[in-house]
Amino acid sequence: MRDICSLKPSLGSWPGQDVIPVNYDQDTCGPMARTVGDVELLHRIASGRNKTTADVSRSLRVGYLGKSISIEFVFFLCFYVLSSGESIEGNLLIQSLTPFLPLTTLVDLNADEVLGELISSVLDSSNQCNTSFRDILCYALARDIPAYLSSHSSFYSHQTLASLIEWNSSHREYIPYGQSLFLRAQNSSITAEVYNKYKQTINESFQKLVEYLRKTYNLDCLLTIGNDDILTCTTICGIPRANLTLDYYDPKHQQLNVVAVGFASGDDFLLLRLLQRFEKANLQAGMIDIRTRFQKYVQYPFKSIYEKLLNLVKHK
């Protein structure tokens, strides 16, 4: 989505009643709006937290990773390397906004190979547990949806996942929303033991990553550049993340999505404060860019023509 800000709050900070589950271990409602301020307002209302001056005046140290990240296996080790092109464009945009970011220090993490190994260990949890993040979600869906259906029996005639699948199959004139996911959940071979191992592995790997970032760089949070949230699997840890689209104010460039990832539950407002600063910086940079273009293509050419006409009149 373009020109939008959204927040996935810390697990439990928003009311979870009547939320249709995919995974109760990580499911949470969250706001989506045009501006960071609107997202923050909705979050404060839902979470019941009042605004404090500490939220506004806090200095932040933020590490960032470039837009395109790929995995290379070298001697059976995963290293994250930036591919040229889009990653460079993303890094240039972030660097161009740096002068407009008050109380914010940006740290470039793209050349840190140790960090690459730690991130790869987080993403490699699926291989360690011989499963995938989607399979884990499907297992949790099959586990949690019967409890939801039984607690809402007055609203739904279905009480099991199998009955939902059967209804979708017999009513093909309707859009079978979620049918492929339901089928995968029903046929999931994941056990509770595998699920718990996966969750534990993700938590441990992510904590090692956070400890390294804090100890080595003294960071408050992490920022990734690109439309793909490379650390999506860490949502099972219950930590918050927020995203915002940034623009060059140039039709030749695509908008870039930045995702701010918290280090712990409760970092919601820290992430929103960071993105609010980026939002303002983006507007300031855009105003400068527009003013520069006006001067270059309108003001200066007309001024030059005017001066030439004056010279002609004087010579006559």
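These legends go with several close-up views of one predicted protein model.

**Notes for every view.** Since the model is predicted, local features need pLDDT of at least 70 and side-chain atom pairs count only at pLDDT 80 or more, while totals for chains, interfaces and linings use all residues. Numbering starts from 1 along each chain as its sequence is written, and side-chain values use heavy atoms, with hydrogens and water left out.

**View 1. The whole chain, for orientation.** We get 10 helices and 9 strands here; both are DSSP runs numbered from the N terminus, helices being H or I with at least four residues and strands E with at least two. Of the 316 residues, 44% count as buried, meaning under 20% relative accessible area with a 1.4 Å probe, protein chains only. Take the contacts (heavy atoms within 4.5 Å) with a separation of 6 or more: 75% of them link residues 24 or more positions apart.

**View 2. An open sheet of 7 strands.** Reading across, the order is β2-β1-β8-β9-β7-β3-β6, and the pairing is mixed. Two strands pair if DSSP finds at least two bridges between them. β2 (32-33) and β6 (104-108) sit at the edges with a single partner strand each, so one side of each has no neighbour in the sheet.

**View 3. β1 meets β8, with α1 lying across.** Strands β1 (residues 5-8) and β8 (residues 241-246) run antiparallel and are joined by 4 bridges. Look for L7, whose bridge partner in β8 is A242. Helix α1 (residues 36-47) lies across β1, β2 and β8, at about 30 degrees to β1; axes are lines fitted to C-alpha atoms, for helices over the stretch in contact, and angles run from 0 to 180 degrees between N-to-C directions.

View 4. Zoom in on L213: leaving aside residues up to four places away in sequence, L213 touches L109, L115, N218, L219, L222 and F263.

**View 5. The buried residues of α7.** In helix α7 (residues 161-170), the buried residues are L161, S163, L164, I165 and N168. They pack against α6 and α8 (179-186).

Technical notes:
Buried means under 20% relative accessible area, exposed over 50%, partly exposed in between (1.4 Å probe, protein chains only).
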